[in-house]
Amino acid sequence: MKYRKVTAIINTDKLESVEARLQEIGVPGLSVTKVKGYGEYADFYSRDWMTQHARIEIFTVPKKVDAIVQTIIDTAQTGNSDDGIVVVLPVEKVYRIRTRALAEDDTF
Amino acid sequence: MKYRKVTAIINTDKLESVEARLQEIGVPGLSVTKVKGYGEYADFYSRDWMTQHARIEIFTVPKKVDAIVQTIIDTAQTGNSDDGIVVVLPVEKVYRIRTRALAEDDTF
Amino acid sequence: MKYRKVTAIINTDKLESVEARLQEIGVPGLSVTKVKGYGEYADFYSRDWMTQHARIEIFTVPKKVDAIVQTIIDTAQTGNSDDGIVVVLPVEKVYRIRTRALAEDDTF
């Protein structure tokens with residue numbers, strides 16, 4: 001597949017610095033949503049095991065994936081159990097609505 | 001893979017008309033979330049470079065993908081740099097919870 | 001691909017019991033977002049055809065997928081047309097931010 005989606009679920013405290021670092025390395029676009037969830041860090045015997053995280057989604061080309069993943073990990077890592085995850089999914093097609101064209105690079 | 005996911009990140013001003021057009025062409029279901037993000041249109045030197053867009057997600061079968069993508073582009077396109085993107089991802093399985101069965105078509 | 005993403009779009013009334021059952025079968029993490037949408041249940045001639053559902057996302061390994069899907073269906077099913085769907089997508093990579101490592105199992 002010609003494209004990838006990188007999804008990161010990170011601590012909301014790290015969202016601003018991750019966004020800034022991704023812009024610095026030239027990531028031309030991303031989406032952010034707030035999610036609730038539990039993970040490695042959850043105390044399942046507590047009533048408030050659901051914590052708030054931020055989910056970042058980036059569509060990109062395969063050769064940019066490693067730099068994006070490493071930048072997110074470098075910036076979001078604290079060593080705590082709620083640091084979150086970064087996942088990479090295959091993407092078949094990416095169209096720019098403005099130009100109606102399939103993207104040839106990652107400048108969506 | 002037998003199914004596809006179409007994700008469109010569009011200007012919220014276009015959400016209502018895109019939803020109406022998708023219903024007209026027979027799309028039987030979709031989900032909408034509001035997302036914040038930046039893209040081609042962002043002014044990285046501005047403090048408010050994060051704009052609000054709508055993300056539409058549609059699960060469908062491969063033969064319906066092109067009509068859905070073209071309908072979204074036709075309806076959401078303004079020519080501005082914040083028009084957004086449409087992406088297509090492979091999907092392995094789609095189950096209807098009501099019937100417990102794997103979907104045979106796109107009427108989820 | 002070594003990983004899968006299970007996405008379930010369910011009635012919000014069923015969210016709490018689905019989360020509890022998923023913890024009981026050992027699902028170590030999940031994310032939840034509220035979505036609006038329409039589906040099989042929608043009355044397209046009504047103005048309020050957009051209903052609120054919950055979207056659950058779980059990253060896991062292939063051998064756990066069937067148990068997760070069946071648990072969600074068992075718990076969320078009412079027989080009504082707004083019961084929702086469960087879908088399975090391929091995932092290429094899952095990194096834990098805390099350890100910087102690719103996940104070897106589903107304890108993300």
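A salt bridge is a side-chain nitrogen of Lys or Arg within 4 Å of a carboxyl oxygen of Asp or Glu. I wrote that down before looking up R55(C), which forms a salt bridge with E57(B), with the closest N and O atoms 2.7 Å apart.

**Ground rules**

I am working with a predicted model, in which local features need pLDDT of at least 70 and side-chain atom pairs count only at pLDDT 80 or more, while totals for chains, interfaces and linings use all residues. Residues are numbered from 1 along each chain as its sequence is written, chains are lettered from A and ligands numbered from 1 in the order in which they are written, and side-chain values use heavy atoms, leaving out hydrogens and water.

**Entry 1: chain B against chain C**

I started with contacts (heavy atoms within 4.5 Å). I found 28 residues of chain B in contact with 34 residues of chain C. Next came buried area, the accessible area (1.4 Å probe) that two parts lose on being put together, summed over both. Chain B and chain C bury about 2,700 Å² between them, and 54% of it lies on carbon and sulfur atoms.

How many salt bridges are there between chain B and chain C? I noted three.

I then looked up polar contacts, meaning a pair of N or O atoms within 3.5 Å; within protein, one must be able to donate a hydrogen and the other to accept it, and residues adjacent in sequence count only if both atoms are side-chain atoms. Twelve residue pairs are in polar contact across the interface of chain B and chain C, both residues being at pLDDT 80 or more. On the side of chain B that touches chain C, helix 1 (15-24), strand 2 (30-38), strand 3 (51-60), strand 4 (85-91) and strand 5 (93-96) of chain B each supply at least two residues. Helices (H or I, at least four residues) and strands (E, at least two) are DSSP runs, numbered from the N terminus.

Strands can pair too, if DSSP finds at least two bridges between them. Strand 5 of chain B pairs with strand 4 (residues 85-91) of chain C in the antiparallel sense, over four bridges. There I spotted K93(B) opposite V88(C).

**Entry 2: strand 2 of chain A**

Here I needed burial: buried means under 20% relative accessible area, exposed over 50%, partly exposed in between (1.4 Å probe, protein chains only). Strand 2 (residues 30-38) of chain A is mostly covered, with seven of its nine residues buried.

Which strands does strand 2 of chain A pair with? I listed these:

- Strand 3 (residues 51-60) of chain A is joined to it by seven bridges, antiparallel, and V35(A) stands opposite H53(A).
- Strand 2 of chain B is joined to it by three bridges, antiparallel, and S31(A) has G37(B) as its bridge partner.
- Strand 2 of chain C pairs with it over three bridges, also antiparallel, and K36(A) stands opposite V32(C).

**Entry 3: S31(C)**

Is S31(C) buried or exposed? S31(C) is buried, because its relative accessible area is 7%. This residue sits in strand 2 (residues 30-38) of chain C. Leaving out residues up to four places away in sequence, S31(C) touches residues including I9(A), V35(A) and R55(C).

**Entry 4: chain C against chain A**

Last, I checked that 28 residues of chain C are in contact with 34 residues of chain A. R55(A) forms a salt bridge with E57(C), the closest N and O atoms being 2.7 Å apart.
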